[in-house]
Amino acid sequence: MVHPRLSIASALVILLGIFAPICQSQNDLFLPSEAYFEFLEIAFDNVTELDLMYTMLGEPTVSGLSGVFAELSSNVSDECLKDGWTLVSDVLTFKEYALQVRASNANPPTPITMAFTGNVQYLANFELCVAVKENPLREIPMTAKVCDMNVPPYPFEIGLCVPESCSDVDLNLFVNAVLAKYNMNREVYFTCVIDRPWTWDSIFVMIILCLFGVAAIVGTSYDLVFRRRKNTETAVIVNVSTTQEETNIDEAQREDEAGRLPLKEGAPQTGSEVPTPGSVPSANEHDRIAENIERGEVTTSQAVSSGNVILHKVLMSLSFVTNGSQVLNAKKPAANLGALNGLRCLSMWWIIWYHCLRLLRGTRLDNANYVFREIGSKPWFAFNWQATYGVDTFLVLSGLLVTYLTLKQLDKSDGKMNWVMFYVHRYIRLTPVYMVCLGIWTSIVIQIGEGSRKYETFAGGRAICQQYWWANLLYINNLVPYPGNVSQCMGWTWYLANDMQFFIFTPIFIILFYKKHWRRYGVIALVSVTVASIIITSSVSVYWGFTARYYDVKYNNRSEAFPRDADRIYAKPWCRVQAYTVGIFVGFIIFKYRATKIKIPLVWNLICWVFALGVMLTIVLAMEGSNTKPLPQWFAAIWLGTRRFLFASGVGWVAFACVTGNGGPIDTFLSWNLWLPLARLNYCAYLLHPVVIFHFLLTKKTLFHYTPYEHFFFFWGALVTTYMLSLFISLLVEVPTIGIEKALLGRFSKK
């Protein structure tokens with residue numbers, strides 16, 4: 001029998017032992033050196049797939065195992081040795097199942113192919129491999145599974161189909177023993193796709209979700225039964241309950257009408273910032289009726305008994321029917337700051353667009369060099385990487401809304417404010433759904449679906465969260481552990497930590513702005529904080545030698561003693577507060593002139609719009625091409641210190657102009673009614689969109705070949721899925737907790 005001298009073993013040997021150390025980096029493209037070509041000839045002339053098999057089997061014996069199998073008989077499980085021996089022997093005799101296993105292996109690339117594509121991950125044919133099932137009638141003696149062979153310290157992975165009886169430890173021992181026969185000591189390791197048992201934390205999170213589900217069923221059932229009661233005695237309560245708390249959904253509306261502080265301002269958030277009118281009684285009327293019941297002015301024959309008022313509110317807060325109708329209500333109130341909804345949503349979409357490419361780059365991309373050298377060099381591609389400015393938009397809107405709404409509340413209440421409830425409201429508004437989403441990220445999604453390295457990726461995140469979940473609970477995860485990185489527990493939630501930290505100190509500025517004779521001090525304080533942030537950011541960048549764009553070589557080597565991804569600027573509050581202070585200032589200006597119709601002359605309005613949009617566009621595109629030659633360090637320091645303030649100032653102008661009626665067609669678009677229900681889901685969308693993207697990519701059985709068109713469709717799939725899941729989680733967890741908080745603590749907010 002003649003066996004062709006195949007290239008599989010040769011490529012494997014080159015990839016494991018020779019390719020990585022003898023290749024040199026040239027302008028981010030991996031090109032093999034001359035030493036590679038010398039080895040290529042030797043390897044292909046001397047090692048074949050058949051050679052490897054005979055190395056494994058050794059000389060045939062009558063008594064039992066030989067070759068590598070015999071050498072490892074005391075370390076590898078008996079079943080794995082038996083199945084491995086059988087599989088290799090059956091490949092040599094061309095048995096169908098064995099050839100199916102062999103065909104399931106990833107096709108190893110030549111080093112030249114890998115060099116020019118930048119692809120270092122090659123997946124096995126998952127479905128073909130797992131279709132190998134033990135079957136005596138078809139002479140199939142084993143079942144098979146997919147494992148990835150990893151080659152440290154390089155990021156190279158190749159998928160193999162192996163006997164299911166072999167553990168990753170067995171495979172490590174076996175492959176390294178084979179490589180040792182060729183004087184290669186790479187110490188490869190395997191990660192296998194297997195069924196994982198449910199852990200205690202996964203079970204706990206599922207129980208929590210089930211409890212929320214049961215509560216939703218009870219609340220929805222109560223709502224439906226209550227709605228169907230037709231007798232006159234309960235007619236008033238029917239009308240009241242059908243609206244149940246627009247305030248459960250539109251939190252800023254609650255604050256505007258009921259005289260309390262916003263639970264969550266800015267983006268991402270659940271509610272609109274102003275009332276949503278309708279044909280049903282308002283939140284004030286609902287509260288008034290409830291208060292009348294409590295005071296005895298409405299009898300129990302006319303309404304629910306006073307002892308059941310809170311229970312009634314709680315049950316109605318759990319209803320999918322009531323809450324769903326309010327979340328999806330697109331009717332815009334007359335006083336709505338509608339343009340902020342559009343800004344919020346578009347910024348969220350920009351971030352999702354960015355994360356689609358960013359997470360794709362690290363998981364399933366098969367043409368990285370093409371993306372980053374060919375497509376990445378085009379100016380428009382900068383909009384992919386600069387989407388982090390979308391978070392600055394969130395900070396601007398957050399500072400704007402908390403300042404504007406709180407000043408309005410102080411104005412209505414003659415300067416009185418329950419500052420304790422100011423913070424309690426905020427914490428309860430944000431935290432329950434945040435912790436549930438964290439639990440889904442660390443414990444539930446890891447159990448759903450299967451794919452190459454999916455378990456290991458999510459398990460890594462879970463391990464970090466198990467150690468530092470309390471930092472997220474306290475909103476200090478951008479500081480603990482210090483200096484940390486933006487890939488910590490649920491890494492993208494560094495924004496929530498910053499936003500909460502800024503919120504804590506915002507009343508200082510609000511009080512100064514509320515007192516007319518103190519306003520100059522408020523402006524001085526705000527300017528001082530902004531300037532200090534710019535100086536600190538520039539100084540830190542100079543000290544650590546940070547460049548204006550992403551370079552491997554910095555201006556100094558101080559960072560070499562720290563992890564490469566250590567964060568010193570990106571998520572630190574003293575560097576990101578600039579955008580928030582812009583929002584505070586714009587919120588104050590809108591409040592100050594709320595009763596005055598500001599009409600900016602057309603020419604000046606156009607000049608301001610062109611200048612603001614020009615600055616924002618410049619910030620996004622300015623660094624394109626800067627990697628061709630180094631920039632002076634003084635310029636890099638100024639750039640890093642001021643860029644986010646300048647972008648935030650542009651956003652502040654857009655918000656101010658649209659809210660004051662100087663936005664023209666831009667205001668019309670940003671105030672589109674469709675943005676309103678989407679804006680209510682933005683908070684959950686921010687929490688969940690990386691979960692959706694990661695899950696899709698890590699359960700994908702093939703690599704993703706990037707083109708702008710495929711990115712476009714991938715984005716829309718991720719966007720729609722994210723908002724669908726966000727709607728479910730919002731109705732299940734977020735909106736009910738807001739309603740329950742209102743029912744139990746609402747009276748304290750009035751004091």
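Predicted model: local features only at pLDDT ≥ 70, side-chain atom pairs only at ≥ 80, totals over all residues.
Which cysteine does a disulfide join to cysteine 129? The partner is cysteine 161, and the S to S distance is 2.1 Å.

A disulfide is a covalent bond between the sulfur atoms of two cysteines. Cysteine 129 has a relative accessible area of 0%, so it is buried. Cysteine 161 has 5%, and because buried means under 20%, it is buried too.

The structure holds four disulfides. Another of them joins cysteine 80 to cysteine 166, with an S to S distance of 2.0 Å. Cysteine 80 belongs to helix H5, while cysteine 166 lies in the loop between strand E5 (156-163) and helix H9 (168-180); the two are 86 residues apart. This link is right-handed, with 95° about the S-S bond, and both of its cysteines are buried.

A further disulfide is formed by cysteine 147 and cysteine 192, whose sulfur atoms are 2.0 Å apart. It runs from strand E4 (residues 144-151) to strand E6 (residues 189-192), and its two cysteines are 45 residues apart. When bonded cysteines are counted along the chain, the disulfides follow the pattern 1-5, 2-4, 3-6, 7-8.

Next comes the interior. In soluble globular proteins, nonpolar side chains tend to be buried together. Here the largest nonpolar core has 135 residues, and Met348, Trp349 and Met490 have the most contacts inside it. Helix H17 (residues 339-361) gives the most to this core, with 14 residues. A second, separate core has 28 residues, including Leu72, Leu81, Ala106 and Val175. Which residues does methionine 348 touch, leaving aside its neighbours within four places in sequence? Its contacts are Phe394, Asn682, Ala685, Tyr686, His689 and Tyr723.

Nonpolar residues are also found at the surface. Tyr709, Phe712, Phe713, Trp716, Val720 and Met724 make a nonpolar surface patch of about 710 Å². Tyrosine 709, one of these residues, lies in helix H31 (residues 708-749). Its relative accessible area is 66%, so tyrosine 709 is exposed.

Most residues other than glycine have a negative phi, and most peptide bonds are trans. Phenylalanine 94, however, has a positive phi, near 60°. It is found in the loop between helix H5 (78-92) and helix H6 (96-104). Its relative accessible area of 44% makes phenylalanine 94 partly exposed. Aspartate 414 also has a positive phi near 60°, and it lies in the loop between helix H20 (389-412) and helix H21 (419-444). At 63% relative accessibility, aspartate 414 is exposed, because that term applies over 50%.

Is the peptide bond from valine 480 to proline 481 cis or trans? The bond is cis, with omega near -10°. Proline 481 is in the loop between helix H22 (454-473) and helix H23 (494-514).

How values were computed:
Residues numbered from 1 in each chain as written. Heavy atoms only, no water. Patch = residues over 30% accessible without salt bridge, like charges linked within 9 Å, V, L, I, M, F, W, Y side chains within 5 Å. Areas by Shrake-Rupley, 256 points an atom, 1.4 Å probe, with all protein chains shown as cover. Salt bridge = Lys/Arg side-chain N within 4 Å of Asp/Glu carboxyl O. Helix = DSSP H or I, 4+ residues; strand = E, 2+ residues; numbered from the N terminus. Buried < 20%, exposed > 50% of the residue type's maximum accessible area, 1.4 Å probe, protein only. Core = buried A, V, L, I, M, F, W, Y, C linked by side-chain atoms within 4.5 Å. Contact = heavy atoms within 4.5 Å. Disulfide = S-S within 2.5 Å.
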